[in-house]
2 protein chains.
Amino acid sequence: MLPITKAARLRALIATRRGVASISCRTARSLHTRSSLNSAEAAATAQPATHEVDYAPSLLSEIAARRAKAGKLVAGIAAASDSDMFKGPQTGKPKAKRWDNHLSAESKSREPCSLKQAAKHLKQPGLISLGGGLPSSELFPLDEIDMKVAMPPDFSEKGTAAHGQRVTIGKYDVRDRDGTYDLSIALNYGQSTGSAQMIRFLTEHTEIVCKPPYADWRICQTIGSTGALEQALRMFLDKDRGDSVLTEDFSFSTALETITPLGVKAFGIPVDDQGLIPEAMDELLTNWDAKARGSRKPHLLYTVPSGQNPTGATQGLERRQAIYRVAQKHDIFILEDEPYYFLQMQPYTGRGQPDAPAPNNVEEFVSSLIPTYVSMDIDGRVMRMDSLSKVLVPGSRLGWIVASEQIVERYQRHAEVASQGPSGFSQVIVHKLLDETWGHEGYLRWLMNLRLEYTKKRDALLAACEDNLPRDLVSWTPPAAGMFLWFTIDHTKHPSAGTRSLEEIEQEIFDSCIKSGVLVARGSWFATEKDAPLPGLYFRATFAAASPENMNTAIARFGQAVKDSFGRK
Amino acid sequence: MLPITKAARLRALIATRRGVASISCRTARSLHTRSSLNSAEAAATAQPATHEVDYAPSLLSEIAARRAKAGKLVAGIAAASDSDMFKGPQTGKPKAKRWDNHLSAESKSREPCSLKQAAKHLKQPGLISLGGGLPSSELFPLDEIDMKVAMPPDFSEKGTAAHGQRVTIGKYDVRDRDGTYDLSIALNYGQSTGSAQMIRFLTEHTEIVCKPPYADWRICQTIGSTGALEQALRMFLDKDRGDSVLTEDFSFSTALETITPLGVKAFGIPVDDQGLIPEAMDELLTNWDAKARGSRKPHLLYTVPSGQNPTGATQGLERRQAIYRVAQKHDIFILEDEPYYFLQMQPYTGRGQPDAPAPNNVEEFVSSLIPTYVSMDIDGRVMRMDSLSKVLVPGSRLGWIVASEQIVERYQRHAEVASQGPSGFSQVIVHKLLDETWGHEGYLRWLMNLRLEYTKKRDALLAACEDNLPRDLVSWTPPAAGMFLWFTIDHTKHPSAGTRSLEEIEQEIFDSCIKSGVLVARGSWFATEKDAPLPGLYFRATFAAASPENMNTAIARFGQAVKDSFGRK
């Protein structure tokens, strides 16, 4: 069963073909077009926004026209910026709700950085600053960075090595070459939001992909979603209040390891092939017993909607809407962690069957994606975490969040005294590639290409499973997104069922796998509630890195380890 | 008065000339040479280590020999590493004390990341990993990064633009070109310590500069000292225990803004021209009144020993030793924040006087530096924070800590669920420059060059002050390090002294400065105890960024603003 229903795909395609142009040009910094609806009015709206993807083929050209009209982006060293400078008009949209009661004491106590506040004076003409301790770019030992990058239509590694495009980042491109970003700016101190140059690109990208239905959304760059999640958890969770967080009953182990030291508990919600079950979430919250749980009723949900880690499950559109409604009902704030969003693959058609037709162009591609939580977030109750780790390079340590102005402002206050924003090397290299070389369309084509590459990898792993695994013992659902395949092993058929614990059997299979030369991840590593008994026997495999041949060998070894443990030949 | 006494300099130079070779070759990973002294024995030692800088001219060649003997560094994607792989023998050194009672509940509760633990199996020959979700480098859209960098002896910007050296970082230099680091490794996921390649360089650099007197010291890369400080504070401070932190009575405002949201207090120790006064610190701690203070007796000191921000004060050698002894007496752990350590300048000889002779070579340069706290840290009670922000480029967001194995391990556990280490772009570019192009000697020459550049900048600001400031109202001490000059204004001479608050007068002067076109930082921004009355009227100016002409204009404006406020012409 695949999470993307045919109907949803079709509806999306039709919406695309309608070609609704919903973003018009305006100059940067014209903030007066913001909606006058207040948050009370927004709160009165009971349903998540309609989900029809009204991505318009003309949006890309509209963004180009908006840039042209706004004129050259002037943003020097440590220039402050926010999404409002670059967004299209938000006319008619409500403002986000406020989350004062959800925020932790730590987050609420943050004051703006006094030195960064003083930076506002720098705009004054003729002012000489003896204020901030910024080194002079004169003393930077780099004059230029060149790179060779992949270009459409041939994004392949071989093609790039042979005829990739050379692009150059100079030290003073802004001063000397009419550039918008250069080493003298990127390599100096910046704002905790990251550079204005990247904020512009990512704001536009968010319009293309998420199109938030409330007015006062913003983005802020991060040092990747692991760091962003830690900041977000500290923003919302307060152990002194008995806070806790909801998540899938098997969840990303690093996320769980981030939560525990904060002195709060994580509670698991049952999942199915489409991930989180909204009815289960509703029931859990409706019947919350604070005393038995040792935590007050949760006000925060952490979820990975697409290609969830570890289960590989992808929430379909209706599923997301249902979960959003449950969140509204119980006043839950949602942390939407979407590293694999653009690793939504082609529908799995089965072995030897013709491939599903690939998207013909970037419009079809964007329309084919399941809408994000942000795109239905009429309350501003979602903080989305995006990252370049899975779609470009993990080493960039560069991601971004999308959330309401209030939430982004609190996030930013924390980042000012923590990361101070992502690496300038990362920002300027990524900007040169994504904004100046590829542009929005080129980046979307890169993502389309990635979709097909991951489809091939997944299909190779699925073929290896079909060839090598005992189907009566091991079952799996072909993942619609991400890089993980989740194996459910029928432990009731194990000769020691009932006499040995699931942990012991899991350990035995894992050890046997290592011995025979395959590393898979144990299900128990991802169990949200570590003190509860394991509900089943699971293993996680990734198709991200190994070659098809190696996958086949590896899965054969895994299959044998399972059979050995179950006393099969 | 200058913090570096002539005697200390001489002693250091003599020590250098003794040329004691104290680090001999050994192969990497031979850990058996570690001292067998236990921490009880270490604790029995009552005095900080002798401070004589026994930097040996042969250390650089010894490091080179050690590398040659160890053979090629083999460290692939996400390879684990630690300083023990790269350190010289630590024979005869005690082990660090343990700090279990100093650590916070949050820090103590951190468990190793289960997925990273599993990575230990990757060493097994023939093992195929379907474990971690690492993308394949095949799908990285960059083939190569080239750059043009400054080279000795002409490090100037102009020289670099004209004839800087071109260096190339390929995607598969390790596989194809006998390299040690490349894009396929740097741009994938890494360890929270950062790459083994950078750990090697920074471990050796720490031997050259700090030479810790205990055996089990380690380094870990950071995303810069702001982030490192936040992690360190969370490691040691626990509001539930009534913890607090000591620091200079005027301290780095961002550090103070990091401390407050943690729910703990910062207490200020009086300073003089050499910063922290050890007797005042001892008295404060000896007579600590937990009830009156609202916090139990502190166990943590945060200090910036060289070119302190904002006062510009530099602790001399004897001062550091005295503070260390007070820390021993009261069992205080020291956070040594040293962004400006290598911005120790030439002694200020006075206007029109001949310059002090510059160091003749890198040995003299290193010997001229005031010893670090780590270099006298026989107990392992110091965590030093280093950063490339002030000495290379702030945009690298790359720094490192030096501390005992226990402390670094706790730090690393946190980084695994937060930053995940610095940007791979930053690491590979910095490695290419510092390790592969300049080498240790080249980097030290770069730092020597920086010393002279900052000396010129400081002297220009001091000249501007001598020319433009009313000496009976404004006084200052020529800074020996850093980028800041601290003005003390004699508020007793103000016509409104006693009738208006110092804050009001400070505000008046600040506003007047802005109006006339100069930004200086207000002293009150840096006051450690915000609820205590301001002890005086102070302003901070930086000489980092402005040209000499601009500094002169700016200081003239500042002087006029002071005179206007004091009713002078």
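In this predicted model, Asp178(B) is placed in the loop between helix H7 (173-176) and helix H8 (183-186) of chain B, and Asp178(B) has a positive phi of about 60 degrees although it is not a glycine. Helices here are DSSP runs of H or I with at least four residues, strands are runs of E with at least two, and both are numbered from the N terminus. Local features need pLDDT of at least 70 and side-chain atom pairs count only at pLDDT 80 or more, while totals for chains, interfaces and linings use all residues. Residues are numbered from 1 along each chain as its sequence is written, chains are lettered from A in the order in which they are written, and side-chain values use heavy atoms, with hydrogens and water left out.

**Backbone**
- Most residues other than glycine have a negative phi, and most peptide bonds are trans.
- The bond from Pro152(B) to Pro153(B) is cis, with omega near 0 degrees, and Pro153(B) lies in the loop between strand E2 (142-149) and helix H6 (157-163) of chain B.
- Another cis peptide bond joins Asn309(A) and Pro310(A), with omega of about 20 degrees.

**Two chains**
- Chain B can be laid on chain A with an RMSD of 0.0 Å by a turn of 180 degrees and a shift of 0.0 Å along the axis, after least-squares superposition on the C-alpha atoms of residues with pLDDT of at least 70 in both.
- That is the relation of a two-fold axis.
- Of the residues of chain B, Asp146(B) comes closest to the rotation axis, its C-alpha being at 2.4 Å.

**Helix packing in chain B**
- Helix H9 (residues 196-209) and helix H17 (residues 424-468) of chain B pack at an angle of about 15 degrees, with their axes 9 Å apart, where axes are lines fitted to C-alpha atoms over the stretch in contact and angles run from 0 to 180 degrees between N-to-C directions.
- That makes H9(B) roughly parallel to H17(B), a term for angles under 35 degrees.

**Sheet in chain A**
- Four strands form an open sheet of chain A in the order E13-E14-E17-E16, with antiparallel pairing; two strands pair if DSSP finds at least two bridges between them.
- Six bridges join strand E14 (residues 484-489) to strand E17 (residues 537-542) of chain A, and Leu485(A) stands opposite Ala541(A) in E17(A).
- Helix H17 (residues 424-468) of chain A packs on the sheet and touches E14 and E17 of chain A, contact meaning heavy atoms within 4.5 Å.

Methods: Angles under 35 degrees count as roughly parallel, over 145 as roughly antiparallel, 65 to 115 as roughly perpendicular and the rest as oblique.
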